[in-house]
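Hi,

Here is the structure I said I would pass on.

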Amino acid sequence: AILFEVSRTTAINAYRDLEKDGYVSIKKGSGTYVRDRYSLVSNSTYEMPWPQLLRPYSEPSMASLMSELMVSNMLEDKISLDAGMPDPNYYPIDIFSNLHRDYLRRLDPRDFGHIPIHGYEPLRHTISEMLVSKGIKCHLDETIILSGSQQGLYLTGKVLIDPGDYVILQTPTYLGAIQSFQALGARVLNLPQREDFPFEILEDYLARYRPKLLYCIPTFRNPNGDVMRIEERKKLIQLAARYRLAILEDDPYSSFYYEDIPPLSLKAMDNYGGVIYLSTFSKILMPGLRVGYMVAHPSLIQRIVLEKQYVDLHSNNISQWLLDLFIKEGYLEEHLIKMCGIYKRRRNAMAEALNLSLASKLSFHIPVGGFYIWCSINENISSKKLLQEALKMGVSFIPGDAFYAAAGEDKEFRLCFSQHDEKVIVEGISRLEKAMGKLKKG
Ligand code: PMP
């Protein structure tokens, strides 16, 4: 054996260094002990400076309000008229578990492995067939399955927008779209809400800023239920084609119509290849499936595919496989007919309750489809103040600011009627009336 002689001072210094770095602890009169793993971490003199490493980022203005609403949704007896979701009591869970049980053995095990980034091919076919009824004809290379349409919003922005580029939004509009575009550094140009489509403002933006992208929800818009008229759709396509403007048409709600069939989608009228159609199974079925899809020109789809590969390789195949079976067996059609009936009754209940008790205090108009009633307060009360009072009474909604890129009308708010039955909706509106009454007195 080779022995090295180490001086006492070197040994003591080595122990001191180990102590300084938190590997050992020295107890006077007792000895030196190796620390356990946990104390090694917690007593380290160094700490990872995460805030310094993160890229500059500004917290979205509505983030804290949204988390407050989430917490308040946990409260018992709380009536939530905020989140725009289908009613979970009607999720067709039994059908999905039966399909899973009955078909699992017939599935090729390879279908549980990785699949092409574009998505599960049988589902892509099924979706293109489904879209024919909406007037949309598409080839397979024009389709991609996404992990929710939210992913489509972000990826579209990612492949089209450079920081500082302009994006036109028809406002008020979906918060998730505003936040995605802003996160990518887009500058927002607003098309304000009016009885008619503000074409002269759009033309001015197009001539002055040459934006690449316009985002809109032409049918039963989130948050105000607005429907773009057929002549307006035609004119918008003409103008967009002339200026080489891409239109991102977000269409999660058009299957929920309670009066006449809505006008044809912009994509169905697309004669210049510039419309990017985005939809999802989150509203017509269940958001937890995380299945959305896009139909667009093959050149755009190819870039989206590339970008999606970096994010998640492909969307969940099990959801896609089940969904494909669900549609092919005819369950989706049945489900939609049932849900339209249910939501129509809920819309009517909310409209009637508002008309009876709040008609003089609020302005609103009854939507012919979708999930939402958009209200404007006639009195000198802000919607955020009203929300504070409403939460105390056990009812919630989303203040209008959330649907604008910059602070918007402080007196607007969105009510959602999809989540509760008629009785609960009527109780919710009665609580809202009490909250308004209290603020007026106060
Ligand atoms: N677009 C709009 C207009 C929406 O309302 C929503 C959901 N609230 C989404 C997109 C995102 O839906 P998904 O669950 O498919 O990501």
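Start with helix α9, residues 199-209: this helix lies across β5 (166-170) and β6, and its direction makes an angle of about 155° with β6. Bear in mind while you look that this is a predicted model.

Those two strands belong to an open sheet of seven, with mixed pairing and the order β4-β10-β9-β8-β7-β5-β6. At the edges sit β4 (143-146) and β6 (187-191), each of which pairs on one side only. On average, neighbouring strands in this sheet are turned by 20° against each other, direction ignored.

As a reminder, strands of a sheet pair through backbone hydrogen bonds, and they do so either parallel or antiparallel. For a parallel example here, take β7 (residues 213-216) and β8 (residues 246-250), which are joined by four bridges.

Most peptide bonds are trans, and most residues other than glycine have a negative phi.

Where are the cis peptide bonds? One joins T171 and P172, with omega at about 0°. P172 belongs to the loop between β5 and α8 (175-183). Another joins N222 and P223, and there omega is about 20°. You will find P223 in the loop between β7 and α10 (230-243).

Then there are two arginines with positive phi. R244 has phi near 55°, although this residue is not a glycine. Its place is the loop between α10 and β8. R290 also shows a positive phi, about 55°, and is not a glycine either. This one is in the loop that connects β9 (275-280) and β10 (292-295).

So is each of these arginines buried or exposed? R244 counts as exposed, because it has 11 C-beta neighbours inside 10 Å and the cut-off for exposed is 12 or fewer. R290 counts as buried, because its C-beta neighbours inside 10 Å number 20, and 20 or more is what buried requires.

Cheers

Definitions and conventions. Residues are numbered from 1 along each chain as its sequence is written. This is a predicted model: local features need pLDDT of at least 70, side-chain atom pairs count only at pLDDT 80 or more; totals for chains, interfaces and linings use all residues. Two strands pair if DSSP finds at least two bridges between them. Axes are lines fitted to C-alpha atoms, for helices over the stretch in contact, and angles run from 0 to 180 degrees between N-to-C directions. Two residues are in contact if their C-beta atoms, placed from the backbone, lie within 7 Å.
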